[in-house]
Amino acid sequence: MGAGHGHRLFFHGHSAVHRAPAHLKVLVLVGFMLTVVATPRDWYPAFAGYLLAVVAVVLLARVPLLYVVRRMVIEVPFVVFAVLVPFIATGPRTDVLGLTVSEPGLLAAWGLLAKGTIGVMASLTLAATTEPTDVLVGLRRLRLPDLIVQIMGFMIRYLDVVTADLGRMMVSMRSRGMNPRSPRSWPTLARTLGALFIRSYERGERVHLAMLSRGYTGQLP
Amino acid sequence: MSTPVLDVRGLAYAYPDGHQALFGVDVHVYRGERVALLGPNGAGKTTLVLHLNGILTAGAGSVAVSGLPVEKAHLAEIRRRVGIVFQDPDDQLFMGTVRQDVAFGPANLGLKGAALEERVMTALDMVGMADFAGRPPHHLSFGQRRRVAVATVLAMEPEILVLDEPSSNLDPASRRELADILRSLDVTVLMVTHDLPYALELCPRAVVLSDGHVVADGTTYDVLTDAALMRAHRLELPFGFDPRAIDSLPG
């Protein structure tokens, strides 16, 4: 499997981090995240240490740092929220760069940002060094309920199919003169998402029929 | 005559919304036959197919597979005997790799270890996809996925293979490759299709379903050359295709 064939979050490689058993990596990630979340937000040096640890693992895995950073755009909605907090929160005010903001709000925003960023980066590192199917095998080895592992497996399998479905719908709408960037087309986009949901739901039913036809009784082999 | 592999008698079915899809359908398919099930859109072909392995339950009439009635009590055995290949391979291939997907059916039958692996590789060999066992299904071409979908069902060693629109969306080469594969299999086939030349090429016998009734059952050649019948049931041969102009059929 070349890198182009793997999942889009996966970075093909043969480092020690890539080779480590998936269930171990999941355990380490969960333990690390619990520690990060439990750390009081004014222990500033601790967060620097966490960040260094994640970066060290990324470098050890020989994944380009930029590769991980570029995929961190997923965090943007949280960043926006974190930036708003100091302006909205109450309590004693303080001046930062000529703006009057709430002091506890500032601290809360810092905590959200620091913990969120480290969490997203650590998760992306797991995704970049472990194939999705291996993550599933790892979760099953950790005795996660089979039903949940099955649902996650289907999600991975059908994510591409549903995305391709949406892509085709967008192409057909664009071919009929819609501009997805214009707010005027937002109602249409909303209806498209509704249609996509129905389509995916119906596909789910067809997949279930196909599974029943091959003797499915609730257990994946 | 011996017990038919597929014995559908007086089958009637209405959907929960009241729409009546089948009105007393009789179809018999005997061992080793390849039968085409023809009919316009909305004729009830898919509804009939879903009765064959007990996904839908007959409103009236009965379905039996090699003498075993399709009833709740032995659904597992019925689903082993009747292998359905659905129209969209993406609905049928839902596991991480081709091997896992083909193993899904036989593993549900209780096969394990070396016996399971052997069953999987035999099925993949039959459709010429053994080299792709480790690949994820969504990285294959459409024609390859259709062939793997056939293998997923063959791995259960069915008594009858039911194919829903097997030639749809295939390019001519994949279409011909699939025909070669189907001809090479030693299994009874019921093929639902709109592709009349394909039906003529593969199936000596054809059954025409229209508005929930069986309106014709004979040799495919006779059905396709009966202009009045064809017109009455919205069946049309592709432009320029004349069954009379073909002097011998392959296989």
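The model is predicted, so local features are kept at pLDDT of at least 70 and side-chain atom pairs count only at pLDDT 80 or more, while totals for chains, interfaces and linings use all residues. Residues are numbered from 1 along each chain as its sequence is written, with chains lettered from A and ligands numbered from 1 in written order.

Over in chain B, six strands make an open, mixed sheet in the order 6-7-8-3-9-10. Strands (E, at least two residues) and helices (H or I, at least four) are DSSP runs numbered from the N terminus, and two strands pair if DSSP finds at least two bridges between them. Strand 6 (82–85) and strand 10 (213–219) of chain B each have a single partner strand, so one side of each lacks a neighbour in the sheet. Neighbouring strands are turned by 20° against each other on average, direction ignored. Strand 7 (160–164) and strand 8 (188–192) of chain B run parallel, joined by five bridges, and B:Asp164 stands opposite B:Val192 of strand 8.

Two helices of chain B pack on this sheet. Helix 1 (45–52) touches strands 3, 6, 7, 8 and 9, and its direction makes about 150° with that of strand 7. Helix 6 (142–154) touches strands 6 and 7, at about 165° to strand 6. Axes are lines fitted to C-alpha atoms, for helices over the stretch in contact, and angles run from 0 to 180 degrees between N-to-C directions.

The contact between the chains takes 22 residues from chain B and 18 residues from chain A. On the chain B side, the largest share, five residues, comes from helix 4. Helix 4 of chain B (98–108) also holds B:Ala107, which is buried, with 20 other C-beta atoms within 10 Å; 20 or more count as buried, 12 or fewer as exposed, and anything in between as partly exposed.

Notes: Two residues are in contact if their C-beta atoms, placed from the backbone, lie within 7 Å.
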